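Reader: Got a model here I'd like to go through. Can you take some quick questions?
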Amino acid sequence: LTAELNCYEIGLFDNLIAHAYERESEHELAANALTRVLASGVFEGRDERDLFLRLAVQYREFDTEHALIAYEDWMDAGGVPDATQSLTLAELYQQTNRYDRAFKYAEIAYREATSPHEKEAADSILSAIQKRRLLGQ
């Protein structure tokens, strides 16, 4: 095959590649493919929003800062975190020493949690941040 692919076809192809890497837990390769898909501009609206979430999930495995950026892009595109995603955001913000943001999302996760594990994890983050505040850190 010598035909060139247009940007739409390249975006779709990279999306297929990303799915394959996601299935194989090749997080960095999946993140690279998803970044190319987003850069292609092929997907818009809800589809683009979903790509940001997929990207955040991949980055979470190896790059906290980029995971937060992707989660923030997802929320800017209309994504609303559920309890599990709020807990993830709380953990990521806590890991990057952004305690006010971590506290905000831990509160949301605690309030909306449906499982005892989520509630306990959110409570643990809230307690750790409260302790830091009391110690003046």
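Reader: Which residues does L89 touch, not counting residues up to four places away in sequence?
Author: L89 touches L68, Y71, M75, P81 and Y105. Contact here means heavy atoms within 4.5 Å.

Reader: What's the ground rule on confidence and numbering?
Author: This is a predicted model, where local features need pLDDT of at least 70, side-chain atom pairs count only at pLDDT 80 or more, and totals for chains, interfaces and linings use all residues. Residues are numbered from 1 along each chain as its sequence is written, and side-chain values use heavy atoms, with hydrogens and water left out.

Reader: Which residues touch the most other members of the largest nonpolar core?
Author: L55, Y71, L89 and Y105, out of 37 residues. Such a core is a set of buried Ala, Val, Leu, Ile, Met, Phe, Trp, Tyr and Cys residues joined through side-chain atoms within 4.5 Å. Buried means under 20% relative accessible area, exposed over 50%, partly exposed in between (1.4 Å probe, protein chains only).

Reader: Which element gives the largest share of this core?
Author: Helix α6, with 7 residues. Helices are DSSP runs of H or I, at least four residues, numbered from the N terminus.

Reader: Switching to R132. Where is R132 found?
Author: In helix α7, residues 116-134.

Reader: Why does R132 count as partly exposed?
Author: Because its relative accessibility is 27%.

Reader: What does R132 touch, leaving out residues up to four places away in sequence?
Author: Y99 and Q137.

Reader: How far apart are the C-alpha atoms of R132 and I108?
Author: They are separated by 19 Å, and the residues are 24 apart along the chain.

Technical notes
Helices (H or I, at least four residues) and strands (E, at least two) are DSSP runs, numbered from the N terminus.
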